[in-house]
Amino acid sequence: MTIASPRLVQTLRTGLFGTRANTLITVATLLLLSQILPPLFRWAVLDATFVGDATACTREGACWAFVTAKLRFILFAFYPTELIWRPALVILLLAAILTASALPRFWGRPLLVAWPITILACWLLMQGTFTSTPIASNQWGGLPMTLFVWAVCFAAATPIAMLLALARRSTLGGIRTFSVLYIELMRGTPMVGILYVAMLILPMALPDALSLDKMLRAIVMITLFWAAYIAEVIRAGLQAIPTGQREAATALGLGYWRTQRLVILPQAFRIVIPGMVNLAIGFLLATSLLAVIGIFDLLNAARASAADPQWLGFYNEAYLVVAILYFVICFGASRYSRWLEKRLASGGKHS
Amino acid sequence: MSDRRVFRTAIVPGPPRPDTFGKIRAWWGGWPIGQLAFLAALAFLGWLFVSNVLGTMARVGILPGFGFLSSSANFEIGESAIAFRAGDTYLRAITAGLINTLKVSLLGCVLATILGVVIGVAGLSRNLLLSGLVRWFIEITRNTPLLLQLFFWMALAKALPAPRQAPALFDAIFLTNRGVFIPSLSLEGAPFGILAVFALAGALGGALLLALRLSGRLTRGTGIAAVVLPIAAILILLAFSGARPVAQVPALAGFNIRGGLNLSPEFAALLTGLVVKFSALIAEIVRAGIQSVGAGQWEAARALGLHDGQIIRLVVLPQALRVITPLTTSSYLDLTKDSSLAVAIGFPDLVSIINTTANTTGQSMEALIILIGAFLTINLALSALMNVYNNRVALRGSSR
């Protein structure tokens, strides 16, 4: 790293001590950091306990032994230990399909087919199909739960959102009004409210023959809820397509659906992909609200892990692990979104 | 004069104006029967759900309707702006929750805006250390769930020292495990009417400013007069009424802290969480807004001989606000909605009281209708308010 050093030193010098005001800011910031960083370092490293059990841990320092002992619970919650390879495989499957979706090289029809298949596979894996005892969804939890709910809801909400966005831009007054009312109703309600509807109203509203468990009910309502948000993003993309495109398609004799499918939507989706990625990041963070209705997602599993009588009260360590997991995923995704935006803006010609 | 005749002869009958029915039909558009069938199917589905709910309620023996609002609620509310005891009506409990939601949202919006602008401007600093620090702050707050942050702030609030050991900032602010104590300002010996006079004087001053602005007579002199006169009126009135403003500073007394304003740990954690999360979002918006004003604008303004303060006030801000305002509006809406996470850390906001109400009465449908209705109203009101402001910002840009 010595190659760039003269220039680096120059940049640093002007960046930190360029003017008198700049020097003052640097000193003030360093003072602030000197108040925060040393105690943090002492907590996380110097006073920390790395091995042992709860009795070895002190209240002054971090208890990383807790993390090694409870990491399995934070990641997989109450899933039966001997079958842990199943949720682990689910994580891998979802990671694979997400990676494939992230690379423009794979965009196309096979990917659209692969999504429902992957989700079905995850569902079967989690349920414990082909084992003697099926595993009910109240035993699922942790990271696979968070990722699964997120992927299912996002995948299911996107087609609904597409229809809603088309409906909102349609010339049919009744359909348009419905779409506007639906979208505004959903966007005006907090997600916690939607989850309460899933918890309290849905069991009463559905006929007895069709009783869904808590997770499925949450998935249904979250899907309907997110569809409104995705619809607004897609609508922005639809609005960006010049009317000439539609007119040209009509002149070629294409009907409404073929115009949308072959001309408008492919172009609109290209525009909205970065926006959708940003939405997806927000949604992943929002899945943590599942904790409010008692589903053991990643965050709730972490909280429960620190409520274990043997390891009582190591909330900071548990939350830190979860925060790092969320941060790695979301920070990576937001970097990816920025890269994609640039790529789509500059190239944009590949198919 | 004679030219008019030429025009008169040129009049030809246009197409007939569509009557009301024609307008409705044009609005309804094509495929009329299909649309009706679709909407009817939806209505049928809705009716099916509602009748199922009513059926279930009848089976458990719960009377549907909003009559339960006037029956007495047998739970306590941790903190409330209006007096509430167990045994008061549900309506009063829900009102208390709504006020708590409004309080935390309003305070959150104001504080998040202030902090967000400061952080956003700091992020634009040429100082590498400061801008790097801001970058990391924003990335960390943006990429971790709000609920996680709330849990963290709640754990922190609980881990604060007891009042006796609590450190005091400037001898006036105490951070304790029983909440945060800050100095308060109140009117002692003031009859209730004084508050009304305050509101009246404020409204009068605002109306005066608005009238001056609309009539185009708003100058520095008249503006100052419109602000100073109501204040002077209030001061004179106060002097005669015998009421005086009292500043209370919290102080340690025995095992607890007395005086000042006490923010409960839940409220303090919720407010801190919302403010930190949304200040990061607003900082990003502010940064984007300021950067959207091209460097050429700065250079041109400098060439005209404006100094930095003037450039920001007259050139950069009016243009940046056009980008910032709509985005901030949606941040405010999100903040208000996210204040509902209070339920997870035990602050009695609207959602948590609605939840308790639904659980104790079984009237979950009615309770959730109230919840959704309240949030829709707040959202629509807030976005209407911000639209007015947005139109002003946008208009100013296009008219000059």
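Colleague: Which residue in β3(B) is the bridge partner of L175(B)?

Modeller: Note that this is a predicted model. Strand β2 (residues 173–176) of chain B pairs with β3(B) in the antiparallel sense, over three bridges. Within β3(B), the bridge partner of L175(B) is V180(B).

Colleague: How many residues lie between β2(B) and β3(B)?

Modeller: Strand β2 of chain B covers residues 173–176, and strand β3 of chain B covers residues 179–182. The two strands form a hairpin. The number of residues between β2(B) and β3(B) is two.

Colleague: Which residue in β8(B) stands opposite I182(B)?

Modeller: Strand β3(B) also pairs with β8(B), in the antiparallel sense and over three bridges. In that pairing F181(B) stands opposite N262(B). For I182(B), the residue opposite in β8(B) is L261(B).

Colleague: Which strands are the edge strands of this sheet in chain B?

Modeller: The sheet is open and has four strands, with antiparallel pairing, in the order β1-β2-β3-β8 (chain B). An edge strand here pairs on one side only. The strands that do so in chain B are β1 (168–169) and β8 (261–263).

Colleague: Which element gives the most residues to the side of chain A that touches chain B?

Modeller: The contact takes 45 residues from chain A and 47 residues from chain B. Elements that give two or more residues to the chain A side include α1 (5–17), α2 (20–46) and α13 (315–346) of chain A. By class, that side has 30 nonpolar, 14 polar and one charged residues. With 10 residues, the element that gives the most is α13(A).

Colleague: Are α8(A) and α3(B) roughly parallel or roughly perpendicular to each other?

Modeller: The axes of α8(A) and helix α3 (residues 32–60) of chain B come within 7 Å and cross at roughly 95°. Angles of 65 to 115 degrees count as roughly perpendicular. The relation of α8(A) to α3(B) is therefore roughly perpendicular.

Colleague: How many charged residues are there in the contact of α8(A) with α3(B)?

Modeller: From α8(A), the residues I201(A), M204(A) and A205(A) meet F49(B), N52(B), V53(B) and T56(B) in α3(B). Five residues of this contact are nonpolar and two are polar.

Colleague: Are α4(B) and α13(B) roughly perpendicular or roughly antiparallel?

Modeller: Helix α4 (residues 90–123) of chain B and helix α13 (residues 350–361) of chain B pack with their axes 7 Å apart, at an angle of about 155°. Angles over 145 degrees count as roughly antiparallel. So α4(B) stands to α13(B) as roughly antiparallel.

Colleague: How many residues in the contact of α4(B) with α13(B) are nonpolar?

Modeller: On the α4(B) side the contact includes Y90(B), I94(B) and L98(B), and on the α13(B) side L350(B), I353(B) and I354(B). Four residues of the contact are polar and no charged residue takes part. The number of nonpolar residues is eight.

Definitions and conventions: Residues are numbered from 1 along each chain as its sequence is written. Chains are lettered from A and ligands numbered from 1 in the order in which they are written. This is a predicted model: local features need pLDDT of at least 70, side-chain atom pairs count only at pLDDT 80 or more; totals for chains, interfaces and linings use all residues. Two strands pair if DSSP finds at least two bridges between them. Two residues are in contact if their C-beta atoms, placed from the backbone, lie within 7 Å. Ala, Val, Leu, Ile, Met, Phe, Trp, Tyr, Cys and Pro count as nonpolar, Asp, Glu, Lys and Arg as charged, and the others, Gly among them, as polar. Axes are lines fitted to C-alpha atoms, for helices over the stretch in contact, and angles run from 0 to 180 degrees between N-to-C directions. Angles under 35 degrees count as roughly parallel, over 145 as roughly antiparallel, 65 to 115 as roughly perpendicular and the rest as oblique.
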